[in-house]
Amino acid sequence: MSVSNQPGGEPAAQLGLVDTVRDEEAERQASREAADTVMKAFGGVRGMVDMTLPGLVFIVTYNITHQVPAAAWAALGLSALFVVARLLKRETVQHAFSGVFGVAIGAWISMKTGKAENFYLPGLLWNVGYCVGLAVSALVRWPLIGIMLGPVTGEMFTWRKQNPGRLAAYTKATWAWVLIMGIKPVILFPLYFTHNVNLLGWLKVALGIPPLLLAMYVTWQILLKAPPPIKAQLDDEPAPEHSAGEPPADR
């Protein structure tokens, strides 16, 4: 006998269909929310500006003054202003401090050697090291993108054992970052050895935000199609409530 011929069968079937649709929509919404954390994890637009503008100030000041110390101090001063502005607004200073640290090393090396191109050397080495780290993390099945996004999405490291679909997605996204972010050192390192400071500086600025945005967009697209995250259960979280007469849920 078909479900529609049973008493109450058709409404029950329709209710089950509605529940299935709701569950699928909830999963899609969870995937969208998880994908939307990509920009947040990397500091958003403000974080990208904090990382890019000091390099622009350096090359502009150097072209005006032709003095490495003046250009280096101008870039370092701008980075410090970014940190102060975030502190005054009580915003996170993680990305701003990272920018100051990188600019400070580049400024010190360039002033110590008297070579303007050395201002960009730490950033280039960081890009190479970052790409190598991403590749190694993907090979050992601890993709760096998952490590970075896990705490933001609330899943922590549940994707490692409990959610193979997200492990695969994070691995794929990590390899995408290797390919996209690897463009910068491939283009810029040869220029560094030509000592063409102007071309190196302007290309470094030009290649600052676009590859980062592309990598974020690709990651976002990958996570949209990935299974929703499984929230990590903290030890001090209360057990779910249950109705009277029902046994408590297994832990």
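Residues are numbered from 1 along each chain as its sequence is written, and side-chain values use heavy atoms, with hydrogens and water left out. Because the model is predicted, local features need pLDDT of at least 70 and side-chain atom pairs count only at pLDDT 80 or more, whereas totals for chains, interfaces and linings use all residues.

Two packed helices are described by the angle between their axes and the distance between the axes. Helix α8 spans residues 164-181 and helix α11 spans residues 209-224; their axes come within 9 Å and cross at roughly 160°. Helices here are DSSP runs (H or I, at least four residues), numbered from the N terminus. Axes are lines fitted to C-alpha atoms over the stretch in contact, with angles from 0 to 180 degrees between N-to-C directions. The crossing angle makes α8 roughly antiparallel to α11 (an angle over 145 degrees). The crossing of the two helices is right-handed, meaning that the near helix is turned clockwise from the far one by less than a right angle.

Contact (heavy atoms within 4.5 Å) between these helices involves, among others, Arg 166, Ala 169, Tyr 170 and Trp 177 of α8, and Pro 211, Leu 212, Val 218 and Ile 222 of α11. The contact residues comprise 15 nonpolar, one polar and two charged. In this grouping Ala, Val, Leu, Ile, Met, Phe, Trp, Tyr, Cys and Pro are nonpolar, Asp, Glu, Lys and Arg are charged, and the others, Gly among them, are polar.

Side chains of opposite charge can pair when their charged atoms come close. The structure holds one salt bridge (a side-chain nitrogen of Lys or Arg within 4 Å of a carboxyl oxygen of Asp or Glu). The salt bridge joins the side chains of Glu 155 and Arg 166, at 3.0 Å from N to O. Glu 155 lies in the loop between α6 (144-153) and α7 (158-161) and Arg 166 in helix α8, so the pair ties together parts 11 residues apart in sequence. Glu 155 is buried, at 0% relative accessibility (under 20% relative accessible area, 1.4 Å probe, protein chains only). Arg 166 is also buried, at 0%.

Lys 184 lies in helix α9 (residues 183-194) and is buried, with a relative accessible area of 7%. Leaving aside neighbours within four places in sequence, Lys 184 is in contact with Asn 127, Leu 207, Gly 208 and Pro 211.

Definitions and conventions: Parallel < 35°, antiparallel > 145°, perpendicular 65-115°, else oblique. Buried < 20%, exposed > 50% of the residue type's maximum accessible area, 1.4 Å probe, protein only.
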